[in-house]
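Here is a briefing for a first look at this structure. It moves from conventions to chains, then to a sheet, a residue and a helix.

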Amino acid sequence: MAAPAEIVGLPEPPPPPQPVLTYLRFLRRAIVLAFSGTWRFYAWMTVLTAIALVGLNAWGHQLLHGMQVTGMSDHVSWGLYIANFTFAVGLAAGAAMMVIPAYLYKDHDMHDVVIIGELLAIAAIVVCLGFIVADMGRPERMWHVVPGIGRFHWPVSMLTWDVLVLNGYLLLNLHIAGYLMYMRYLGKVPRRRWYLPFVFVSVFWAISIHTVTAFLYQGLGGRPFWNSALLAPRFLATAFISGPAFVIVLLEVVRWRGGLKFSDGPTQLLARIMRITVLLNLFMLGSELFTALYSGGAHGSAVRYLFFGSHGKHALVPYIWTAVGLNIASAILLHLPRSRTHKRWLLAACSCAFLGVYLEKGMGLIIPGFVPSTLHEVVEYTPTITEWKITAGIWALGLLVLTVALNVGLAVWSGRVRDSTRPPERAAA
Amino acid sequence: MKRRVALKVVGATLGAGAVAYAGAPVAEWAAGLSLDDTLRQHYKVLTEDELAQILRRHEDETKKLHGVDVHIEDIPAQDGVSFGYALNLSACIGCRKCAEACHQENNHDRRTNNSYIRVLEMEQGSFDMERGNVDYDHAVPAPGKYYMPVQCHQCDDAPCVKVCPVEATWKEKDGIVVVDYNWCIGCRYCEAACPYHARRFNWQPPEIPAEEINPQQGYLSNRIRPQGVVEKCTFCLHRTRRGLLPACLEACPTGARVFGNLLDPKSEIRWVLEHKRVYVLKEELGTRPRFFYFFDE
């Protein structure tokens, strides 16, 4: 006997769910979505791609001719790449300032935009890894740090810890952001056990990536400028300045672009966090300066070089005073009542804070570790044009990743793009 | 609609062209990589046969690149030997013959005039290196000065070994810290960790005139290093493991340098450590150097 449906010509029953196919369809739509937008989007992507390609080209030259094309030397053996790496780790960790309120303190407004922080973390880690690869003399031997295949000097080498925590953080955020977005796409309520444990781990993990990165430097007894217990706390304080500062600006960009509705709560909360962290950072800076300058000695010589120059060499003096000026300016701006009511003032404060931390925790942290050298020679470092090109290229790559991720993420998150083959389960969490 | 398609085609073509152009140097670099070298295993897990093959291959490469016949050997550490080095600050006159000998013995890059030894001109009455100077250019010894050569201290608790993420550098049983030049990834963390400025990075491929190449080479010591890896003083292990003295010691005109086996109670180094006023550099860092400084009474 044939089925009754055939006899009376009723519409066919819905096909049984095929999870793999559905997921592949989601991926296909995501890829198409990632590269579709207005002419403004294409212009932005073209500019970023062009800068990234300039960087790629410069990196090729560095590979072919050796790292003599950089300004580094046996005296200052890390430079612009590691400075930017350190800053980018902070940016990635800073995203935790959205995750913690959203999940730990159940801030519903923050919950609406927390996906932006998770996507930012992913892009920032891509930037970190880019700078590590750029700094390697032998990138083709990268497999030597893969546990199991290479010779992973864990747990003794802090660098192996950094490999673990950075890649782990990347995977955690890929999973959390990917899972939440896919559920949103399906119109399903995310199952708590599939993301909440990972979210809690990622909070500690965010702290750990910046602590481990600080330990990388502060564990070196031969470098008095870094060999201070205050380094890790300062790293975290600055991470919780640069991260929120970037996110506040990013939220305004998202709002201006449209497509996702959210309140001003997250921005105000992040600004409140920054009001504390900028002061904390300035306080710790003062404490370090006092220790170094009042007691003198080897620890003081690097600080004196950084702030005042020594032996007639002053390369970092303008950098660090600009950084201090910007940090103080951001602290003042953030504490003006106007920064609560006027977006422009807040954005100005964020720009100052972001740039100030970039200068202070980039070149201002890495270079004085090497000047004076361990034999107290004062050899200066100036990045070459090749280093700047590669640096710009890696940041452009990071912005490309962020743009594409947000392009997909916001379309899915706002519910504009979803699986049309099934009805929504109920309003998503 | 047609215009749109045309625009897309033009855009894609331009884009592909830009990627190909920008990526060309990377592609050239990748094409120049040798698969054998890229997939080479760590020194410690190579079998005797594999190592022998590698040594011959490096000899052939040196012949091809530099036009010189060299002999590269892997000389293992001996049992019952633990090397130590001492330097008499009362005798050193700062002539830098040791640095020069190192430069020649270890096939250093000629352009950078590299050497594993730096000689500090110090002020009489001060141990403060901040008041020292390596760039002195006058007759030595200068009045009111003394001289302190610094090279790898082959620390027993070596920060450089600790920090290496891939175990490309390690301590051998005779106390010498070595680098596997074909395993080092070039991250330079060891260079940042070393408190004695003992490590050097190959910022470019070394350049040495063929007639100046030292053909007696050790796999873990003075063979010509590849670009992009770290190197360091090995107490001339290709010499000292065969009973010869380090090149820097042989070159010293004042006899300021004493080298030997710390396990041999009758050695000169033991006599110095037992009878002279000896100190190590930056003792407070706990690196436990095997390089000692001493004074005559």
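A residue is called buried if 20 or more other C-beta atoms lie within 10 Å of its own, exposed if 12 or fewer, and partly exposed in between, with C-beta atoms placed from the backbone. This is a predicted model, in which local features need pLDDT of at least 70, side-chain atom pairs count only at pLDDT 80 or more, and totals for chains, interfaces and linings use all residues. Residues are numbered from 1 along each chain as its sequence is written, while chains are lettered from A and ligands numbered from 1 in the order in which they are written.

**Chain B overall**

- Chain B has nine helices and 12 strands. Helices (H or I, at least four residues) and strands (E, at least two) are DSSP runs, numbered from the N terminus.
- Of the 297 residues in chain B, 41% are buried.
- The C-alpha atoms of chain B fill a box of roughly 95 × 45 × 40 Å along the principal axes.
- Two residues are in contact if their C-beta atoms, placed from the backbone, lie within 7 Å. Among contacts in chain B with a separation of 6 or more, 65% join residues 24 or more positions apart.

**A four-stranded sheet in chain B**

- Four strands of chain B make an open sheet, in the order β10-β2-β12-β11, with mixed pairing. Two strands pair if DSSP finds at least two bridges between them.
- The edges are β10 (257–261) and β11 (277–279) of chain B, and each pairs on one side only.
- Neighbouring strands of this sheet are turned by 30° against each other on average, direction ignored. Axes are lines fitted to C-alpha atoms, for helices over the stretch in contact, and angles run from 0 to 180 degrees between N-to-C directions.
- Helix α9 (residues 268–275) of chain B packs on the sheet. It touches β2 (83–88), β10, β11 and β12 of chain B, and its direction makes about 115° with that of β10(B).
- β2(B) and β10(B) run antiparallel, joined by five bridges. F83(B) has N261(B) in β10(B) as its bridge partner.
- β11(B) also pairs in the antiparallel sense with β12 (residues 291–295) of chain B, over three bridges. There, V278(B) stands opposite F294(B).

**F259 in strand β10**

- F259(B) sits in strand β10 of chain B. Five of the five residues of β10(B) are buried.
- Why is F259(B) counted as buried? Because F259(B) has 21 C-beta neighbours inside 10 Å.
- Leaving aside neighbours within four places in sequence, F259(B) is in contact with Y85(B), L245(B), P246(B), L249(B) and I269(B).
- F259(B) and L87(B) are 172 residues apart in sequence, yet 8.7 Å apart in space, C-alpha to C-alpha.

**Where the chains meet**

- Contacts link 43 residues of chain A with 49 residues of chain B.
- On the side of chain A that touches chain B, α3 (39–65) and α7 (158–186) of chain A each supply at least two residues. α3(A) gives the most, with nine residues.
- That side of chain A has 17 nonpolar, 18 polar and eight charged residues. Ala, Val, Leu, Ile, Met, Phe, Trp, Tyr, Cys and Pro count as nonpolar, Asp, Glu, Lys and Arg as charged, and the others, Gly among them, as polar.

**Helix α10 of chain A**

- The buried residues of α10(A) include P266(A), L270(A), M274(A) and A292(A).
- α10(A) is followed by G296(A), whose phi is positive, near 70°.
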